[in-house]
Amino acid sequence: MYSEKVMDHFMKPRNVGEIPDADGVGTVGNPVCGDLMTMYIKVKDNKLVDIKFKTFGCGAAIATSSMTTELAMGKTIEEAMKITRADVAKNLGGLPPIKMHCSNLAADALHEAIKDYQKKKESKK
Amino acid sequence: MRKVYMDYGAGMPLDSRVFEAMKPYFFEDYGNPSSSHSYGNVARTAVEASREKVAQLVAAEKPQEIIFTSGGTESNNLAIKGVAYRNREKGNHIITTAIEHISVINICKFLQKQGFEVTYVPVDKQGVVDIEKLKEAVNDKTILISVMYANGEIGTIQPISEIGKLAQENKVIFHVDAVAAAGKVPINVKEENIDLLSISSNDMYGPKGVGALYIKKGTKIQPIIQGGGQENGLRSGTENIPGIVGMGKAVELAQKEMESEGKRLAGLRDKLIKGVLDKIDDSFLNGHPTERLPNNANLRFSYIEGESLILGLDMNGIQVSSGSACTSKTLEPSHVLLAIGLAHEEAHGSLVFTMGKQNSDEDVNYVLEMLPDVVKRLRALSPLTPKELLR
């Protein structure tokens, strides 16, 4: 049902964990629906220098979280904001249609983390 | 890598003895039971021999009370719709439970759209039907009570005799979906006051695509398939001879081996349940601790989701099922798990182990060795896992 790439990211997820002094944190989903993910980002000179995630959910939820951190690592804030759910799915070699919406939330979690970072930066000014 | 298949509830291999019994009916004895010549006679004799065996399995009074169908779903359709349509002038009320197989639930929903009224009686936390609520639900419009013998997902066995008595006292037809139970626990339609009973062949190492419905003599029922009038007019269509022969053999073997195999499986089941609950923190048993199918263990793990558990176990050679929404076509968690009072997030973390003939004590040991690591790995990924559990 899943591509080899999805299974690889499911079995060996990249960048798992939390960042205690993160510059931004974003959470999307809901355990009631079966998917919940949190992204932590560290920003330096407008670039994402570290990203970590924690995810409750199915294989697709875990693989998309892992892939999103890989796609965004080292990117500028602007570039990272342009990463879409479709990009994540494409880089994983596709997802089953039923999983495209419910479990492909990681890009949204990343964007929420960036917005959180921007809000914090704004309030410091 | 060791291969441990524990998803017998979803699919199981054909018994090789069943295959041998079926073989002649594909190439040599291919006659139609409706034909008057010798080929027809051979086919007819084979069908009647199978009918006899199925009748014995459920302790029916006469073989003629057994009708062959295409499987459990069709048997349920014929039983429920057949009674509903035939007895409409008597009443339009049907009683069933909240944890029935999806076929029964969807047949009832279909009938509701046609003006029938359906009461879905709740179950307790262990999945046992609330008899008091069932009693209260009966009224003078009630024409049918349909309760499953045992639930294939959580394994709970229902107090069928008690419900049968209640149905008889109220002169209501009693249908039992015994697809998950037949061949695993003894069934006696007479003693348990059952009027209609659905069973399927592929839950007893028989071929897929064949099942049966027991219809107690005198039970008023209308066919749902119109045609040439086979199966006493109740199930038209040329009989699936190899399938029916296979089912007969499967039923015969199941009856012969039920007691010893049931004991053996219950031992493996109890070892698996105890081992998991001992080894894994925040794990729970779903369903009844003792009144359950000998081959079923339904276990729940907090903070993680069932589909990722299935994938993680599959990578280690272990195949199981889950009641999680993420494994269903509808993206809704199992209605059975919700009916026993689990929250959505609890239902998501449930795994169903259904064991069978090929499972051994070593298989259970292997699962007990691999499962804790898979759970631990997923919990380390989950934002819901309490910190103290990760140490």
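This is a predicted model: local features need pLDDT of at least 70, side-chain atom pairs count only at pLDDT 80 or more; totals for chains, interfaces and linings use all residues.
1. For a pair to find on screen, take Ser321(B), whose bridge partner in β13(B) is Val352(B).

2. β13(B) has another partner to look at. Over five bridges, β13(B) pairs with strand β10 (residues 296–301) of chain B, again in the antiparallel sense. Here you can pick out Asn296(B), with Thr354(B) as its bridge partner in β13(B).

3. Now stay with that strand and ask: how many residues of β13 (residues 350–354) of chain B are buried? Five of its five residues are, so the strand counts as mostly covered, since a residue is buried if 20 or more other C-beta atoms lie within 10 Å of its own. In a regular strand the side chains alternate between the two faces of the sheet. In β13(B), one side carries Ser350(B), Val352(B) and Thr354(B), the other Leu351(B) and Phe353(B), and both faces are covered.

4. Next, have a look at the open sheet of seven strands in chain B, which follow the order β2-β8-β7-β6-β5-β3-β4 with mixed pairing. Which strands stand at the edges? They are β2 (66–69) and β4 (117–121) of chain B; each has a single partner strand, so one side of each lacks a neighbour in the sheet. On average, and ignoring direction, neighbouring strands of this sheet are turned by 20° against each other.

5. Within chain B, strand β5 (residues 142–148) and strand β6 (residues 173–177) show you a parallel pairing, with five bridges.

6. Setting aside neighbours within four places in sequence, Ile105(B) is in contact with Glu100(B) and His335(B). Val276(B) lies 171 residues from Ile105(B) along the chain, and their C-alpha atoms are separated by 32 Å.

7. Finally, turn to where the chains meet. Chain B gives 18 residues to the contact and chain A gives 17 residues. On the side of chain B that touches chain A, the elements giving two or more residues are α9 (306–314) and α11 (344–348) of chain B. The residues on that side comprise 10 nonpolar, five polar and three charged.

Terms used. Residues are numbered from 1 along each chain as its sequence is written. Chains are lettered from A and ligands numbered from 1 in the order in which they are written. Two residues are in contact if their C-beta atoms, placed from the backbone, lie within 7 Å. Helices (H or I, at least four residues) and strands (E, at least two) are DSSP runs, numbered from the N terminus. Ala, Val, Leu, Ile, Met, Phe, Trp, Tyr, Cys and Pro count as nonpolar, Asp, Glu, Lys and Arg as charged, and the others, Gly among them, as polar. A residue is buried if 20 or more other C-beta atoms lie within 10 Å of its own, exposed if 12 or fewer, and partly exposed in between; C-beta atoms are placed from the backbone. Two strands pair if DSSP finds at least two bridges between them. Axes are lines fitted to C-alpha atoms, for helices over the stretch in contact, and angles run from 0 to 180 degrees between N-to-C directions.
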